[in-house]
Amino acid sequence: MKTPYQNIGIIGSGNMGGQLGRLFSKAGYNVMFSSRHPEKLKSLISDLPNANVGNVEQTIEFADIVLLAINYATLSEVTDQLKDKNKVIIDLTNPFYWAENKTLAKVNLSGKSAGEHLQSKLPNSKIIKAFSSHYSASLQKGHRDYPIAVFYTTDEEDLKELAETVIADIGFAPVYYGRLNRSKDIELYGKFSNKIMTKEEALLQLA
Ligand SMILES: NC(=O)c1ccc[n+]([C@@H]2O[C@H](COP(=O)([O-])OP(=O)(O)OC[C@H]3O[C@@H](n4cnc5c(N)ncnc54)[C@H](OP(=O)(O)O)[C@@H]3O)[C@@H](O)[C@H]2O)c1
């Protein structure tokens, strides 16, 4: 569906950003994939009709919607660049990092969800939290023959329609889960971590 938000900027074109960006491009959106080494992304976009690569700064400028898909350890580098840009951001980051002993360690956010934390760092941006608790493999096309439910949270009442449109446009079934302070449930290791559900099953969870 056409919205005024046709330019999607992918910050972090790895497992998640790379895959979701490709789905956006195939759905007809204009996509810019960013990297600190954009030349490495040529093969990612070689078969896409309306995709480009750039550095982070170019991608932020291009984007009507930023898909934030970087590792938490480098989050502050990117939030510094996003400050004062007042963007709509789909945030799928999780507050974990790889510790030296190769285990996933949690970042202490003093009880806040990652969604709330990002909003507090970027007060003028409009945050939609989605996709955080789905493993990239389970989002691949053909994983299920029905649209997988994707919970999202946002504090912006007027963004719900946009969130639902873009999530549905790339083949998923959007389900509003509440404000950002409820995001923990839909972040990694939350109540719905990698739970694959139909929209009907997801709606029952809200009851
Ligand atoms: N993997 C999953 O199944 C999954 C599922 C749900 C959510 N997530 C979340 O999604 C986020 C990304 O996970 P991933 O598995 O996709 O990671 P990944 O494959 O390592 O990709 C992250 C990308 O971020 C880029 N990056 C890192 N620091 C950057 C910086 N300072 N500026 C710009 N780009 C930077 C890197 O690109 P360059 O090195 O090329 O710059 C890298 O390709 C994490 O927060 C994770 O918790 C992951």
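**Exercise 1.** What percentage of the residues of the protein chain count as buried?

*Solution.* The model under study is a predicted one. A residue is taken as buried if 20 or more other C-beta atoms lie within 10 Å of its own. By this criterion, 41% of the 207 residues of the protein chain are buried.

**Exercise 2.** Describe the secondary structure and the overall dimensions of the protein chain.

*Solution.* Begin with the secondary structure: the protein chain has 7 helices and 10 strands. Next, compare its radius of gyration, 16 Å, with the 17 Å that the globule rule gives for 207 residues; the two values are close, so the protein chain is as compact as a globular protein of that length. The C-alpha atoms fill a box of roughly 45 × 40 × 35 Å along the principal axes. Finally, consider contacts between residues at least 6 apart in sequence: 65% of them join residues at least 24 apart.

**Exercise 3.** Examine the largest nonpolar core, and then the contacts of leucine 68.

*Solution.* The largest nonpolar core has 52 residues, of which Phe33, Leu67, Leu68, Val150 and Phe151 touch the most other members. Setting aside neighbours within four places in sequence, leucine 68 is in contact with Ile11, Gly12, Ile89, Ile90, Asp91, Leu92 and Thr93.

**Exercise 4.** Characterise the shell around the ligand.

*Solution.* The ligand is surrounded by 28 residues, and the closest are Gly12, Gly14, Ser35, Arg36 and Asn94. Two or more residues of the shell come from each of α1 (15-26) and α4 (75-82); α1 gives the most, with 3 residues. By class, the shell comprises 12 nonpolar, 14 polar and 2 charged residues.

Definitions and conventions. Residues numbered from 1 in each chain as written. Predicted model: local features only at pLDDT ≥ 70, side-chain atom pairs only at ≥ 80, totals over all residues. Near = placed C-beta within 6 Å. Helix = DSSP H or I, 4+ residues; strand = E, 2+ residues; numbered from the N terminus. Nonpolar A, V, L, I, M, F, W, Y, C, P; charged D, E, K, R; others polar. Core = buried A, V, L, I, M, F, W, Y, C linked by C-beta atoms within 7 Å. Buried ≥ 20, exposed ≤ 12 C-beta atoms within 10 Å, placed from the backbone. Contact = placed C-beta atoms within 7 Å. Rg over C-alpha atoms; globule rule 2.2 N^0.38 Å.
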